[in-house]
Amino acid sequence: MTNRAHTPVESKKPLVGIIMGSTSDWEAMEHAAKTLEELGVAHETRVVSAHRTPDLLFGYASSAEQRGIEVIIAGAGGAAHLPGMTASKTVLPVLGVPVESKALKGLDSLLSIAQMPGGIPVGTLAIGKAGAINAALLAAAILGNKYPEIREALRQFRKSQTAKVLATPDPAKATLALTKIIAPAGKSKRKKRA
Ligand code: RP5
């Protein structure tokens, strides 16, 4: 799950580093990894905690550029210092994903990540899964300036997303189709009356 490099072609070096404060963040952050996989963007995933492993965080952030990483996606919850601290140790673009917290539903994470003082920016996305997906798409958009194949993959992603929506204009029919998949005709779970 964590601490591995994902590459569509094994020889490709990761361009995106996905880091998160805890393994408990993976449920949200895996959507960033899945989206990059879908786009064919080489990436790595690591657990790097700002509070529990600060030296590891400093090492990761300060060496990322030298290792060939071009964008960092950092997800954290609660007092979410990871994205901001990471950004303080590198000039690479850092995209922050606020992970939903139990106590405050991620509002604490969102404010911790978004409210950086002027001088050290973190591009802050939405809370949870949507933010993780969008962080990956934004990373691809940034990389697309340099890598035409990534820009093209992003273009295709958008096209297919649009086509999916247009293919099912009537939500009632979409629900009906789903019902048929869940309970095919003749296999109803309803009990017959005696
Ligand atoms: C943060 O604390 C992590 O990013 C995580 O969202 C939160 C809770 O961590 P665990 O207690 O689940 O490890 O540092």
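The following legends describe an overview and several close-up views of a predicted protein model.

The model is predicted, with local features requiring pLDDT of at least 70 and side-chain atom pairs counting only at pLDDT 80 or more, while totals for chains, interfaces and linings use all residues. Residues are numbered from 1 along each chain as its sequence is written, and side-chain values use heavy atoms, with hydrogens and water left out.

**View 1. Overview of the fold.** The protein contains seven helices and six strands, where helices (H or I, at least four residues) and strands (E, at least two) are DSSP runs numbered from the N terminus. Along the sequence these elements follow the pattern β-β-α-β-α-β-α-β-α-β-α-α-α. Of the 194 residues, 40% are buried; buried denotes under 20% relative accessible area, exposed over 50%, and partly exposed in between (1.4 Å probe, protein chains only). Among contacts (heavy atoms within 4.5 Å) between residues at least 6 apart in sequence, 67% join residues at least 24 apart. The protein exposes about 11,500 Å², and carbon and sulfur atoms supply 58% of that area. Accessible areas come from the Shrake-Rupley method with a 1.4 Å probe, and for residues only the protein chains shown count as cover.

**View 2. Strand β2 and its two partner strands.** Strand β2 (residues 16-20) runs parallel to strand β3 (residues 43-47), to which five bridges join it. Five bridges also join β2 to β4, again in parallel; two strands are taken to pair if DSSP finds at least two bridges between them. On the β3 side, Val16 stands opposite His43 and Ile19 stands opposite Arg46. On the β4 side, Ile18 faces Ile73, and the bridge partner of Met20 is Gly75. Five of the five residues of β2 are buried, so this strand is largely enclosed by the rest of the structure. In a regular strand the side chains alternate between the two faces of the sheet. Both faces of β2 are covered, with Val16, Ile18 and Met20 buried on one side and Gly17 and Ile19 buried on the other.

**View 3. The β-α-β crossovers.** Strand β2, helix α1 (residues 26-39) and strand β3 form a right-handed β-α-β unit. A crossover is called right-handed if, with the strands pointing away from the viewer, the path from the first strand over the helix to the second runs clockwise. Strands β4 and β5 run parallel and are joined by six bridges. Here the chain crosses from β4 through α3 to β5, and this β-α-β crossover is likewise right-handed. Ile72 stands opposite Val94 in β5. Six of the seven residues of β4 are buried, so β4 is largely enclosed by the rest of the structure.

View 4. Pro93 lies in the loop between α3 (82-88) and β5. This proline is partly exposed, with a relative accessible area of 31%. Not counting residues up to four places away in sequence, Pro93 touches Glu70, Val71, Ile72 and Ile142. Pro93 and Ile72 are 21 residues apart in sequence, and their C-alpha atoms are 6.3 Å apart in space.

**View 5. The largest pocket.** About 460 Å³ of space lies in the largest pocket. On a 1 Å grid over the protein atoms alone, a pocket is an open set of points with protein on both sides within 12 Å along at least five of seven lines, and lining residues have an atom within 4 Å of a point. Grid points are joined across faces, edges and corners, and the volume is the space filled by probe spheres set on the points. The lining comprises 23 residues, of which Ser24, Asp25, Ala76, Gly77 and Val99 lie nearest the pocket centre. The elements giving two or more residues to this lining are α1 and β4 (71-77), and α1 gives the most, with three residues.

View 6. Gly77 is found in strand β4 and is partly exposed, with a relative accessible area of 35%. Apart from residues up to four places away in sequence, Gly77 touches Asp25, Val99 and Ser109. The C-alpha atoms of Gly77 and Lys105, 28 residues apart along the chain, are separated by 9.3 Å. Lys105 lies in the loop between β5 (94-99) and α4 (107-114) and counts as exposed at 57% relative accessibility. Most residues other than glycine have a negative phi. The phi of Lys105, however, is positive, near 60 degrees.

Technical notes. On a 1 Å grid over the protein atoms alone, a cavity is a set of points where a 1.4 Å probe fits but cannot get out, and a pocket is an open set with protein on both sides within 12 Å along at least five of seven lines; lining residues have an atom within 4 Å of a point.
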